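I am opening a notebook on a structure that I have not looked at before. I want to go through its parts one after another and write down what I look up.

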Amino acid sequence: MTIKRKPKLAIWKFASCDGCQLSLLDCEDELLAITNRVDIAYFLEATSTVRKGPYDISLVEGSITTQHDVKRIQKIRQNSKLLVTIGACATAGGIQALRNFKNVNDFISLVYAKPQYIETLDKSTPIANHVPVDYELRGCPINKRQLLEVLSAFLHGRKPNTPSYSVCIECKRRFNVCVMVSCGIPCLGPVTHAGCNAICPSYHRGCYGCYGPMETPNTTSLSSQFSQLGLDKDNIVRTFRTFNAYAEPFRKESEAYEK
Amino acid sequence: MTAPSLKIRETAILESTHFQKLLDGLIKRGYQVVGPTLGEDAIVYDELKSVTDLPIGYTDEQEGGKYRIKKQNDKAFFNHTVGPHSWKKFLFPSELRMWKAKRNGNTFRFLTDNEKIKKFAFIGVRSCDIHAIFIQDKVFTGGKFADPHYKLRREGIFILAVNCGKAGGTCFCASMNAGPKVSSGFDLALTEILKNDRHYFIVEIGTELGAGILHEIPYKIANDEEKYAADIVVKKTAEQICKSMDTANIKDLLYKNYEHPRWDDAAKRCLTCANCTMVCPTCFCTTVEDVTDLTGEHAERWRKWDSCFTMDFSYIHGGSIRSSAKSRYRQWMTHKLATWIDQFGTSGCVGCGRCITWCPVAIDITEEVSAIRESEQTTEKKTTEGLEEQRS
Ligand code: SF4
Ligand code: SF4
Ligand code: SF4
Ligand code: SF4
């Protein structure tokens, strides 16, 4: 695929912390190469100059939490040839999806002085629940190396290398010593999607699962191992309830231990 | 030096105080010396510059899904068993760039990396791992198409073997005829002895090269009593091995039992995380990733360790052949123990126990085999019982 004119890139934000967009700005060494190859047409985090669609590629950060968001993402979809969600919020609902496990009105009345001004959906949901998504980039935040890989793959018409196997594979390729086996530290690596290059185990911590579920996650088996390592029910619930709490395999596992 | 010259299969005595000279001899010859060293929470394989890099006085304790290092009150160099790394780390890199290319107008040009590898000297190789190296030799260089990357690293390595002075909790090399005594494939083989404040090694000569290196440092010829002491060490270790696998007709056993309910049971526990294949010293599967940069001027091909536990591994147009955990676990185990025999003429398992220790949920290949074998026997027994009942 050769695109003669520079493809137009847009970066959109929904309910999120902006961390994933920052990963793009963090590509300091590559930013010039990016702007040489793509026309950044919409990126409020970086410039207030806004150019109209349609866009060749839209990177979408954040989850859907309001009725207004629902309408906005539909418009973006209509205006984008390729829609790529970036990060845990956009692909799984994010940390803010913790509210999905409780009644949102209870939070609103506790948090806001004038709850009547708050208009929100009862759940924080991923983009794919509302519009078709062409590609998902995982992570909280995404990894800049993976973002560049997806952009390069798009520019040159090839398949991006973003494998969906476990973090353990990356961990072992780096010759890390498994923290779960050698220290008894609970690690979500075996059920978590690769992509970070096993950064947490490389710093002697268990994986927090920020890339969400891997292709075939056996959360039931892993959490019974966590029990054997001494994690009680509450802690197992908490382990699965972080950035990807609402991704189905993690959600089901935490719910199974909440009962 | 006036020591008599050494012949292959002869045994000599090397005092531990001279061990550094052995390392120096290898370094002087230009080897990159690698062996066991204390990593974070495990004994790993890495560069050795000095004898003090060895995990002196440390041992390990292993069981399914559990590994712990432990400090002991001695000065032993090799009183541990195999850890999370295997020698394939050096011979078969986990990530390797195969080539890079540069765009040249409408064509492209390959830029060859002239791979320069310093020859490895492996220190402290156990019997199971020597067997594993020979198995990978068959895989990578035995057929019509030899893997040049493997060959380059493998040719001319120096193997300083060690007879295991203790068996790990997950070892079952004896069942696989792969240990604990080092029988061949080494340049020098040591047995470590700590006795009455004396710390020395009984050294068996495996090659001329080994003899030459030993000849440069102080040693003496072992007497019968000392040779006997070495035999006792491996004998004791063999007695310590508590795991076993009955390999009688194992190929038929597994081929006959593709639909055995035990596979479903294993699949319930298996995380499909691939740790077992990553730590296995014989597993050889790789995937290939092609990358381009943003400009499209450069492309590279990378080869990375892969595993039959991933979905992509069996992906052909439209989907993965082995989509269930059951079919993937079954593929792994039957390859190690059965189809490997058809493919390469040996078992793919040397009984090192790594897959048992490093499986986060402690799935044990020996237990899976015996579960299948036991219920198989029950079926057979039932049939005979049934026949007898009919007869009576
Ligand atoms: S430390 Fe975690 S990610 Fe690494 S191998 Fe162990 S379980 Fe897997
Ligand atoms: S299958 Fe397990 S015991 Fe056998 S060689 Fe591989 S890691 Fe070692
Ligand atoms: S067991 Fe799996 S990863 Fe290992 S060599 Fe066989 S197919 Fe490859
Ligand atoms: S057997 Fe254990 S190490 Fe292997 S894939 Fe299954 S859970 Fe992971």
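The entries below go from the domains of each chain to the contact between the chains and then to the ligands.

**Entry 1: the model and chain A**

I note at the start that this is a predicted model. I looked up the division of chain A and found domain 1 at residues 8-155 and domain 2 at residues 167-258. Taken over C-alpha atoms, the centres of these two domains of chain A are 25 Å apart, and their contact takes 19 residues from domain 1 and 20 residues from domain 2.

For the area buried between domain 1 and domain 2 of chain A I wrote down about 1400 Å², with carbon and sulfur atoms giving 59% of it. I then searched this interface for salt bridges and found 0, while the count of residue pairs in polar contact between the two domains of chain A is 6. On the side of domain 1 of chain A that touches domain 2, the elements that give two or more residues are α4 (87-92) and α6 of chain A. That side of domain 1 of chain A divides by class into 9 nonpolar, 6 polar and 4 charged residues.

**Entry 2: the domains of chain B**

I turned to chain B, where domain 1 covers 11-240 and domain 2 covers 250-382. The C-alpha centres of these two domains of chain B lie 26 Å apart. In their contact, 42 residues of domain 1 of chain B meet 38 residues of domain 2 of chain B.

The two domains of chain B bury about 3500 Å² between them, of which 60% comes from carbon and sulfur atoms. I asked which residues of domain 1 of chain B lose the most area to domain 2 of chain B. They are B:K88, B:I135 and B:F172, which together make up 16% of what that side buries.

Between domain 1 and domain 2 of chain B I count 4 salt bridges. I also looked at the side chains of B:E300 and B:R97, which meet in a salt bridge at 3.4 Å, N to O. Across the interface of the two domains of chain B there are 30 residue pairs in polar contact. On the side of domain 1 of chain B that touches domain 2, β4 (58-63), β5 (66-71), β6 (95-104) and α3 (127-141) of chain B are the elements that give two or more residues. By class, I recorded 20 nonpolar, 11 polar and 11 charged residues on that side of domain 1 of chain B.

**Entry 3: chain A against chain B**

Next I looked up how the two chains meet, and the contact takes 36 residues from chain A and 45 residues from chain B. The area buried between chain A and chain B is about 3300 Å², and carbon and sulfur atoms give 57% of it. A:R173, A:F175 and A:V181 supply 23% of the area that chain A buries against chain B, more than any other three residues.

How many salt bridges are there between chain A and chain B? The count is 0, whereas 24 residue pairs are in polar contact across this interface. Among the elements that give two or more residues to the side of chain A that touches chain B are α2 (28-37), α7 (167-173) and α10 (219-228) of chain A. The most comes from α6(A), with 5 residues. That side of chain A has 18 nonpolar, 11 polar and 7 charged residues.

**Entry 4: the ligands**

Ligand 1 lies between chains A and B, and I listed the residues that surround ligand 1, including A:C168, A:C171, A:C178, A:C187 and B:N275. With 4 residues, α7(A) gives the most to the shell around ligand 1. The classes in this shell around ligand 1 are 9 nonpolar, 2 polar and 1 charged.

Around ligand 3 I found, among others, B:C283, B:C285, B:C308, B:W332 and B:H335. Helix α10 (residues 325-344) of chain B gives the largest share of the shell around ligand 3, 4 residues. The shell around ligand 3 holds 7 nonpolar, 4 polar and no charged residues.

Of the 13 residues around ligand 4, those that come nearest are B:C270, B:L271, B:C273, B:C276 and B:C359.

Methods. Residues are numbered from 1 along each chain as its sequence is written. Chains are lettered from A and ligands numbered from 1 in the order in which they are written. This is a predicted model: local features need pLDDT of at least 70, side-chain atom pairs count only at pLDDT 80 or more; totals for chains, interfaces and linings use all residues. Side-chain values use heavy atoms; hydrogens and water are left out. Domain bounds come from an automatic or database domain assignment. Contact means heavy atoms within 4.5 Å. Buried area is the accessible area (1.4 Å probe) that two parts lose on being put together, summed over both. A polar contact is a pair of N or O atoms within 3.5 Å; within protein, one must be able to donate a hydrogen and the other to accept it, and residues adjacent in sequence count only if both atoms are side-chain atoms. Ala, Val, Leu, Ile, Met, Phe, Trp, Tyr, Cys and Pro count as nonpolar, Asp, Glu, Lys and Arg as charged, and the others, Gly among them, as polar. A residue is near a molecule or strand if one of its heavy atoms lies within 4 Å of it.
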